[in-house]
Amino acid sequence: MRRVIVTVIAVAAVVFTVAATVEWLRPSVRRRDIQTAVVARGAVEATVQASGMVMPEVEQAVSSPVEARVLRVHRRAGDAIGVGDELLTLDTSATRLDLERLDEKLAQKESEGARLRLQIEESVAALRAELEQKELDAEILRLKAEQTRRLRAEGLASEQEALLDATAAKKIGIELAQIEQKIARTIRSGDAQLAAAALDTSILRKERAESRRQLDLAMMRAPRQGIITAIVQEEGTTVRRGDVLARIADLSTFRIVATVSDLYIPRLVAGMPVRIRVDEGTVVNGTLSSIDPRIENGVARLHVTLEEEAHARLRNNLRVDAFIVTSRRPGVLQVRRGALAQAPSEDVFVVRDGTLLRVAVRWGGVGEDNVEVRGGLAAGDEVVISNMNDYEGLKEIRLR
């Protein structure tokens with residue numbers, strides 16, 4: 001009996017040891033180390049997530065109107081300014097010299113125009129005086145020819161004399177017509193020359209006005225009220241015409257500029273609702289206003305208009321998450337997303353009788369916080385939503 005009892009105890013100890021070892025080696029996970037969610041029916045809003053940046057609703061760039069050198073910087077980024085406040089002082093000596101040259105050229109051109117007008121008036125006056133003299137001569141010759149004709153009729157003058165006087169009267173009539181035509185041509189030519197001179201003068205006046213305008217702009221005064229978001233920092237910097245020297249923004253209202261992969265662009269349309277997550281617990285609603293047609297390095301740019309443009313939590317250049325709602329499906333099977341829905345279909349672990357079983361699942365619309373279940377799960381199933389990559393390849397995991 002003693003040997004039998006010892007043998008039974010030894011066998012039981014071996015069996016217990018083997019069973020405990022097998023159970024110990026079997027993969028397991030503690031419930032408190034995972035997160036689970038229950039499949040239920042509800043609404044799923046399919047969204048596309050984009051990375052956004054808060055930008056001022058109104059921002060104006062102040063560019064250099066001339067090529068110059070920065071002599072002095074009067075303001076710094078972050079300063080509040082009003083209309084007309086001086087931002088920078090530029091070296092405008094070259095622009096002033098150009099303006100003086102234009103003034104001299106304009107004065108010279110106006111003088112040439114006045115001199116040309118006097119020459120034309122003198123030429124026309126001389127021709128008119130010649131015309132008056134010829135008209136007197138023509139009247140005399142006409143009277144003489146008439147007198148000779150009457151004498152010829154009475155036989156007191158020869159036919160040759162009458163013919164000569166008539167020819168002389170006709171000749172001076174031709175000369176009168178030529179002078180009148182010459183006067184008309186001189187007037188037309190003078191008008192054309194004066195018009196050309198006036199056009200040259202007008203062009204110079206416009207160039208001078210533009211040069212003066214650029215000189216006034218080179219005073220670099222603020223065109224609007226706001227906050228300076230950027231400005232040239234170093235004095236002595238040489239700037240070219242068109243270079244942006246400062247940016248002035250109205251930080252009372254904001255908009256969102258977001259970036260997203262170009263793969264999502266076919267799914268996006270202007271007018272879609274957008275939710276902007278500023279931080280945990282702060283969401284601002286908006287609308288997708290436009291999609292930039294330019295694609296750079298596979299990234300598209302989106303513009304979002306906010307319903308609350310002056311929300312207290314918005315700050316310039318603040319990074320936010322933008323969720324663009326592409327569709328809404330009510331009354332479908334859905335579960336909290338967590339680490340799920342990384343692909344259209346994947347294997348997930350479901351809690352069954354104290355065990356985690358791997359189940360193949362098909363997903364539908366993916367929302368900001370939940371995901372639609374198209375197949376593989378039923379209402380009431382408890383699904384692990386934690387990252388389970390460490391248990392890849394396992395069909396079953398013991399739940400402790």
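1. The protein contains three helices and 18 strands. The model is a predicted one, and the points below should be read with that in mind.

2. On overall dimensions, the C-alpha trace spans about 195 × 55 × 35 Å along the principal axes of the protein. The radius of gyration is 49 Å, whereas a compact globule of 400 residues would have one near 21 Å.

3. On burial and surface, 32% of the 400 residues in the protein are buried.

4. Met1 has a relative accessible area of 77%, which is over the 50% cut-off, so Met1 counts as exposed. Together with Ile5 and Ile9, Met1 makes a nonpolar surface patch of about 370 Å².

5. Further along, Glu180 belongs to helix α3, which runs over residues 159-217. The relative accessible area of Glu180 is 44%; Glu180 is therefore partly exposed, as this value falls between the 20% and 50% cut-offs. Glu180 and Glu130 are separated by 50 residues in sequence, and their C-alpha atoms are 9.9 Å apart in space.

Conventions:
Residues numbered from 1 in each chain as written. Predicted model: local features only at pLDDT ≥ 70, side-chain atom pairs only at ≥ 80, totals over all residues. Heavy atoms only, no water. Patch = residues over 30% accessible without salt bridge, like charges linked within 9 Å, V, L, I, M, F, W, Y side chains within 5 Å. Areas by Shrake-Rupley, 256 points an atom, 1.4 Å probe, with all protein chains shown as cover. Salt bridge = Lys/Arg side-chain N within 4 Å of Asp/Glu carboxyl O. Buried < 20%, exposed > 50% of the residue type's maximum accessible area, 1.4 Å probe, protein only. Helix = DSSP H or I, 4+ residues; strand = E, 2+ residues; numbered from the N terminus. Rg over C-alpha atoms; globule rule 2.2 N^0.38 Å.
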